[in-house]
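Notebook open, structure loaded. I want to go through confidence, then strands, then charged pairs.

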Amino acid sequence: QSTWGHFSMSRWIIATLLSAVSLLAVLGHVFGSSTPQEPHYHDGAHNDAAHGSGVFYVKFQTTSGDWVVEVHPEWAPLGVARFRELIETNFFVGARFFRVVDGFMAQFGLPADPAVASEWREKKITDDPVIESNKRGYLSFATSGPNSRTTQMFVNFVDNARLDGMGFAPFARVVSGMDSVDAIYKKYGEQPSQAQIQSQGNAYLKKSFPNLTFIKSASIVDAPQ
């Protein structure tokens with residue numbers, strides 16, 4: 001009987017230890033993986049976050065005059081991240097306003113160098129929700145369909161609210177120099193071929209459309225006083 005009692009006591013001790021080990025494992029599973037995970041960003045949003053998410057200003061110096069835009073990340077964060085990237089790489093220098101429709105908008109964003117154009121052609125970003133309306137002086141990216149934004153954008157000459165329902169999400173607005181925007185050369189209208197601009201760059205535009213307004217510089221500046 002003493003042998004049986006000893007055996008029973010051993011079984012009880014082993015069972016107690018196993019229960020304790022199981023409890024520790026459960027607690028470890030519940031509490032042991034509480035380390036915060038690094039957030040995952042898409043389509044350049046991490047670049048925008050790294051530079052801060054506040055409003056900033058960009059000055060365009062063009063052959064029709066200078067103008068300043070106020071950029072709002074909260075309106076279109078992915079679009080703003082791409083715009084900042086283009087500004088910081090001097091993408092717009094020498095770029096022409098190649099599609100200009102009086103009473104509608106002026107489109108730009110195809111680079112002077114076709115080699116640069118080929119680098120950016122497939123760098124598409126996901127669409128932003130449309131938060132602001134396409135009012136006079138507001139800038140939005142051009143698209144060729146859903147999630148197709150790359151580098152082309154336009155500035156509205158007039159209120160174009162009908163574009164809102166088509167997915168064109170404004171990301172900035174002109175805050176000074178709108179008269180210079182209005183002075184962008186318009187007489188060629190929609191004649192320049194985007195395909196030829198992509199393949200030949202400014203060599204094609206200078207020869208066939210020499211009077212197009214173009215961007216001399218575009219850079220981040222302090223807020224206008």
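Predicted model: local features only at pLDDT ≥ 70, side-chain atom pairs only at ≥ 80, totals over all residues.

**Confidence first**

Over the chain, the average pLDDT is 84, and 76% of the residues score at least 70.

Residues are numbered from 1 along each chain as its sequence is written, and side-chain values use heavy atoms, with hydrogens and water left out.

**Strands**

I took helices (H or I, at least four residues) and strands (E, at least two) as DSSP runs, numbered from the N terminus. Strands pair if DSSP finds at least two bridges between them. E1 (residues 56-62) and E2 run antiparallel with seven bridges, and they make a hairpin with two residues between them. I looked up Gln 61: its bridge partner in E2 is Asp 66.

On to E7 (residues 170-176), which is antiparallel to E2 through four bridges; Val 71 has Ala 172 as its bridge partner there.

How many of the seven residues of E2 are buried? Six are, so E2 (residues 65-71) is largely enclosed by the rest of the structure. My cut-offs: buried is under 20% relative accessible area, exposed is over 50%, partly exposed is in between (1.4 Å probe, protein chains only).

Val 175 sits in E7 and is partly exposed at 32%. Beyond four places in sequence, its contacts are Tyr 57, Val 68, Val 69, Glu 70 and Pro 224.

**Charged pairs**

With a salt bridge set as a side-chain nitrogen of Lys or Arg within 4 Å of a carboxyl oxygen of Asp or Glu, I get eight.

Arg 173 to Glu 70 has its closest N and O atoms 2.9 Å apart. Arg 173 is in E7 and Glu 70 in E2, so this pair ties together parts 103 residues apart in sequence. Glu 70 is buried at 10%, whereas Arg 173 is partly exposed at 29%.

Arg 82 to Glu 85 comes out at 3.4 Å. Both are in helix H3 (residues 77-88), three residues apart, about one helical turn. Arg 82 is buried at 8%; Glu 85 is partly exposed at 30%.

Definitions and conventions:
pLDDT = per-residue confidence, 0-100. Contact = heavy atoms within 4.5 Å.
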